[in-house]
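Hello,

Here is the structure I promised to pass on to you. Please open it alongside this email, and then read on for what was found in it.

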Amino acid sequence: MIAAPLDAVAGSKGKKPFYTHLYVQVLAAIAAGILLGHFYPELGTQLKPLGDAFIKLVKMIIAPVIFLTVATGIAGMSDLQKVGRVAGKAMLYFLTFSTLALVIGLIVANVVQPGAGMNIDPASLDPAAVAGYAAKAHEQSIVGFLTNIIPTTIVGAFADGDILQVLFFSVLFGIALAMVGEKSEPVVNFLNALTAPVFKLVAILMKAAPIGAFGAMAFTIGKYGVGSIANLAMLIGTFYITSLLFVLVVLGAVARYNGFSIVALLRYIKEELLLVLGTSSSEAALPGLMNKMEKAGCKRSVVGLVIPTGYSFNLDGTNIYMTLAALFIAQATGIQLSWGDQILLLLVAMLSSKGAAGITGAGFITLAATLSVVPSVPVAGMALILGIDRFMSECRALTNLVGNAVATIVVARWENELDTAQLAAALGGQTGEDISAAGLQPAE
Ligand SMILES: O=C(O)C[C@H](O)C(=O)O
């Protein structure tokens with residue numbers, strides 16, 4: 001079990017003054033960033049390096065965290081077939097909920113019609129404004145994405161910090177450790193011992209989170225202004241409300257069915273949510289989320305397999321955004337989409353969304369990838385929503401993060417790798433009886 005390294009910064013329940021808690025500091029930093037960006041926009045835009053530097057700090061540690069969690073988690077598994085089962089069940093979950101998210105985006109766009117009445121002449125759109133994104137999107141072929149999961153070299157995977165490549169190697173290495181058995185014990189012990197200082201390092205880096213969130217927020221508001229929100233308020237509002245309802249109603253039902261409350265989970269991961277809100281990147285919270293899910297009773301092997309794969313394959317927020325934004329562009333430019341067009345859009349989005357990432361703006365590129373294969377909606381229409389993408393990115397990232405936290409608990413429970421008493425204790429306010437009343441069996 002990973003020692004409780006983030007306790008010092010993650011809002012532990014001691015009698016520490018309120019302002020020493022990480023979430024309070026990040027919240028204050030976000031508020032200060034918004035004020036500074038609004039009243040001194042020029043200064044705000046200059047603070048971008050603070051946010052970028054913090055994201056770099058986190059990225060620096062992501063590969064070791066994944067490697068140690070996955071390799072030691074799998075090495076400790078007595079039944080190696082479980083690796084395949086966990087991966088298979090996770091993929092089934094990802095496919096179901098990310099498709100549901102796409103369908104919900106499509107339905108909401110048809111009902112609310114956030115782009116209706118804008119009457120924008122498609123000829124007036126400037127394709128050059130989004131040409132860079134469309135070109136990036138073209139680089140992402142499905143075969144290319146899949147073969148890229150295999151790193152050219154082991155060192156290369158770590159050097160590039162490519163999550164799926166590091167995961168691929170870590171799974172194989174963990175399997176090899178388990179197969180070697182007793183002889184690999186010194187290596188496993190060493191890796192287990194290394195876990196504590198690496199997570200301690202995460203805790204140290206997290207102390208810089210308020211500075212990163214402050215800089216990133218001051219930049220966002222300074223550069224795009226609160227005014228840009230007003231112009232596309234209908235789209236932004238529809239997206240935020242749909243995502244919130246998705247989390248509370250859809251993921252809430254999944255949580256309830258699995259014996260925990262979504263609100264308690266949101267409270268439990270509040271530091272991570274605020275970090276993502278501040279930096280607009282779910283990757284910024286990846287190490288913290290992995291640590292917390294393990295402390296909530298999910299076995300390390302499940303956490304190590306589900307969360308990193310979920311960051312590529314289970315992006316609920318990105319999926320809601322893709323169909324909603326695509327239909328918004330069609331509505332704003334007066335393009336009538338048949339049901340056939342919409343189903344084609346959905347099918348293409350199902351594939352292209354799988355390559356998205358947890359970095360800010362990734363969802364925008366994925367939308368460009370989708371629209372460049374769907375003839376009915378012009379990619380150039382994305383110029384309409386480019387200016388507000390940072391605000392959409394926040395919501396994509398927040399929803400993606402919650403989706404992956406829920407997925408981890410559900411898959412752990414399916415595999416009987418969830419300590420329900422630990423989950424109840426971590427989420428607080430829930431008793432062991434609540435959990436057993438829900439018909440759950442504690443993991444052995
Ligand atoms: O970080 C994420 O999960 C998504 C990203 O922020 C995005 O802009 O699409």
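**What the model shows**

The secondary structure of the protein chain comes to 23 helices and zero strands; here helices (H or I, at least four residues) and strands (E, at least two) are DSSP runs, numbered from the N terminus. Please keep in mind that this is a predicted model, in which local features need pLDDT of at least 70 and side-chain atom pairs count only at pLDDT 80 or more, while totals for chains, interfaces and linings use all residues. Residues are numbered from 1 along each chain as its sequence is written, and side-chain values use heavy atoms, with hydrogens and water left out.

**The chain as a whole**

Of the 444 residues in the protein chain, 57% are buried. Buried means under 20% relative accessible area, exposed means over 50%, and partly exposed is in between (1.4 Å probe, protein chains only). The protein chain exposes about 18,200 Å², and carbon and sulfur atoms supply 68% of that area; accessible areas come from the Shrake-Rupley method with a 1.4 Å probe, and for residues only the protein chains shown count as cover.

Contacts (heavy atoms within 4.5 Å) were also counted along the sequence. Among those in the protein chain with a separation of 6 or more, 84% join residues 24 or more positions apart.

The count of disulfides, meaning pairs of cysteine sulfur atoms within 2.5 Å, comes to zero.

The unreviewed UniProt entry lists "transmembrane region" for residues 22-40, 60-78, 90-112, 163-180, 201-221, 233-257, 320-339 and 359-386. UniProt positions are given in the numbering used here, feature names are shortened, and annotations may be inferred rather than shown by experiment. In the model, residues 22-40 are 95% helix and 0% strand, with the end C-alpha atoms 26 Å apart. Residues 201-221 are 90% helix and 0% strand, and their end C-alpha atoms are 31 Å apart.

**Around the ligand**

Which residues are closest to the ligand? They are Ser 282, Gly 361, Gly 363, Ser 393 and Arg 396, out of 14 residues that surround the ligand, where a residue is near a molecule or strand if one of its heavy atoms lies within 4 Å of it.

A backbone N or O atom of Gly 361 is 2.7 Å from an oxygen atom of the ligand. A polar backbone atom of Ser 280 lies 2.9 Å from a ligand oxygen atom, and an N or O atom in the side chain of Asn 400 lies 2.9 Å from an oxygen atom of the ligand. Taken alone the ligand exposes 260 Å², and the protein buries 100% of that.

Ser 280 sits in the loop between helix 14 (270-279) and helix 15. Ser 280 is buried, with a relative accessible area of 1%, and has a positive phi of about 60° although it is not a glycine. Helix 15 itself (residues 286-295) is mostly covered, with ten of its ten residues buried. Just after helix 15, Gly 297 takes a positive phi of about 105°.

Gln 113 lies in the loop between helix 4 (81-112) and helix 5 (128-138). Is Gln 113 buried or partly exposed? Gln 113 is partly exposed, with a relative accessible area of 35%. Its side chain reaches the backbone oxygen of Asn 110 at 3.0 Å. Leaving aside residues up to four places away in sequence, Gln 113 touches Val 108 and Gln 331.

Asn 258 is in the loop between helix 12 (233-257) and helix 13 (262-268), and is buried at a relative accessible area of 4%. A polar atom of the Asn 258 side chain lies 2.7 Å from the backbone oxygen of Val 254.

Finally, Asn 416 is found in the loop between helix 21 (389-414) and helix 22 (420-427). Asn 416 is partly exposed at 32% relative accessible area and has a positive phi of about 55° although it is not a glycine.

Best wishes

Definitions and conventions:
Polar contact = N/O pair within 3.5 Å; in protein donor to acceptor, adjacent residues only side chain to side chain.
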